[in-house]
Amino acid sequence: MNGDDTDQDTTLDSQRFVDGSDGDDEQLPPSTDEGGTQSDRAAEGQSGDRGESAIRGSDESTAGDRKPTDDHSDPETANGADTDSASTVRGGVGSSGVDFDSGGDDADSSVLDDVMLDDVGSEDPEEASQGLFDDLLAGDPIFENKEVLRPSYTPRKLPHREEQINNMATILVTALRGDSPSNILIYGKTGTGKTASAKFVSTELESTSQKYEVPCEVEYINCEVTDTQYRVLAQLANKFVEKNEAVIDEELDDLESLRERARENPTVLAETEYDSVAAVEDRIEQLEDDRESFEQVPMTGWPTDRVYSTFFDAVDYHERVVVIMLDEIDKLVEKSGDDTLYNLSRMNSELERSRVSIMGISNDLKFTDFLDPRVKSSLGEEEIVFPPYDANQLRDILEHRAEVAFEGDALTDDVIPLCAAFAAQEHGDARRALDLLRTAGELAERDQTDDVDEDHVRKAQEKIELDRVVEVVRTLPTQSKLVLFAIIMLEKNGVHNINTGEVYNVYQRLCEEIDVDTLTQRRVTDLISELDMLGIVNAVVVSKGRYGRTKEISLSVPIDETEAVLLSDSRLSDIEDTQPFVQTRFDNDSN
């Protein structure tokens, strides 16, 4: 009898013991085979390698390991050996004399321990789940399509912007006739629908050009991210290189197919511009050379003239009208001057096959004041102004988006009017209104409520305001952070109606603490005015009669959250405790 059979049966019946199965009720004769102890020891030694596999598929493995008995073997003897070794577990007391019920010897009882541990480890992952997300998913969903409420989403309809959209379409329709349209400058405050409207018109322009088979393309660049002449030209060059390669690859596929057909039947060339197979091969060779000549512009390292030349050649490779949309165009001018706009606006005089038009989008109505007169005259051929939305218009926009974004009755009646009212206070910012509505829905989801109500909107307003404050404070220069930290220290020590002199005294101590150059009091006064403009502090000029005038300063933001953001700065985190400095100043003043 194979020794593995004994091991397998022992392991199998151990599993049955764990599962509570007694197997057969018949009394088994005591085993005279002393291999039971050896089987236990073997199982103990193999628990890491074979224990788990034996448990999961013991019936199959046992049958697989057994060798068929020959004609001379005694079936009863073979069966007896198997049942004897199985009785080690089923009988409670094995042939080795170990009592499993009473614990027995540690070495032998480890067989059972291993089996039980392996059995727990093989539990179904779904049954082992602790339900961490089950409770969060238990409620009815509030959102149907949350992406509709994000600024990046371009809707199919833009309420209250029909006039501006029609103006853009009237200007750009020239591109569908193969001519270069006038350059356009779009102005308006944040959240007035400038970018969304421009993208909507651009999408319509490209789809219409495909319908009429007119080569017209729109390229979008965010100048807040791509803010130098090199980056703008490199990004444009690489886009047109990729498009040219795609056009060449498509034409090569067609020509190679034509060449094969023409070799078999030259008459197929009659309906083409090629008069022979050799002419087709010449064109294929030319296209392959063109494709090899294209190269991607690295993001750094090339002279600007070479980048511009690569972009120029890529644009002019074949006939097309190109509209270059420069969002946040004022950021580009602020960072790298007007050289980029000058080069782009003068391209048409040099291009042979293509035409280029510029569409600039800006929040700053006065950014053209800093442009070269020649650039200004060529760039601002058409101007479109986007006015702020009023509360009723914002309400229409939110209702239009909410129909798609939320489940049927997820919003109470006062949610959209309240979001519109809050956003109307922020200069008619539709982006702010959408953020409010989305955040209110997310807060309702976290509360596991069935609908979004007014309370969720007010909490969302507080959260968004705090997030804005955190971002503004985090990006302040170090000197402005020190001035703000000084104001916080004064307020935390019970000082009210803080004046500029008090702020400057604490500011000086903070500069000494972290070894930073100290600005003059006049410059610190300017920094306080900048913090006032950002809405972080409230600085009011108060007359003191014959003692002159002074600024009374107070915080306009949550003190604890603002302090935490300031201390997250590695330089300000070195400030251990400024209270003694503040307290010392008051002690000196009281003497």
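Colleague: Which helix gives the largest share of the negative patch?
Modeller: Helix 12, with five residues. Keep in mind that this is a predicted model.

Colleague: Which residues form that negative surface patch?
Modeller: Glu250, Asp253, Asp254, Glu256, Asp282, Glu285, Glu288, Asp289 and Glu292. Two elements give two or more residues each: helix 11, spanning 229–264, and helix 12, spanning 277–293.

Colleague: Take Asp289. Where is it?
Modeller: Asp289 sits in helix 12.

Colleague: And how exposed is Asp289?
Modeller: Partly exposed. Its relative accessible area is 49%. Exposed would need over 50%, so Asp289 stays in the class in between.

Colleague: Switching to strand 3. How many of its residues are buried?
Modeller: Eight of the eight, residues 320–327. That is why strand 3 counts as largely enclosed by the rest of the structure.

Colleague: Which residues lie on each side of strand 3?
Modeller: Arg320, Val322, Ile324 and Leu326 are on one side. Val321, Val323, Met325 and Asp327 are on the other. Both faces are covered.

Colleague: What about strand 2 and strand 3: parallel or antiparallel?
Modeller: Parallel, over seven bridges. Strand 2 covers residues 216–222. As a landmark, Val218 stands opposite Val323 of strand 3.

Colleague: And how many bridges join strand 3 to strand 4?
Modeller: Eight, and those two strands also run parallel. Strand 4 is residues 354–362.

Colleague: Which residue of strand 4 stands opposite Val321?
Modeller: Arg355. Val321 itself is buried, on the strand 3 side that also holds Val323.

Terms used. Residues numbered from 1 in each chain as written. Predicted model: local features only at pLDDT ≥ 70, side-chain atom pairs only at ≥ 80, totals over all residues. Heavy atoms only, no water. Patch = residues over 30% accessible without salt bridge, like charges linked within 9 Å, V, L, I, M, F, W, Y side chains within 5 Å. Areas by Shrake-Rupley, 256 points an atom, 1.4 Å probe, with all protein chains shown as cover. Salt bridge = Lys/Arg side-chain N within 4 Å of Asp/Glu carboxyl O. Lys, Arg positive; Asp, Glu negative; His and termini not counted. Charge placed at Lys NZ, Arg CZ, Asp CG, Glu CD. Helix = DSSP H or I, 4+ residues; strand = E, 2+ residues; numbered from the N terminus. Buried < 20%, exposed > 50% of the residue type's maximum accessible area, 1.4 Å probe, protein only. Pairing = 2+ DSSP bridges.
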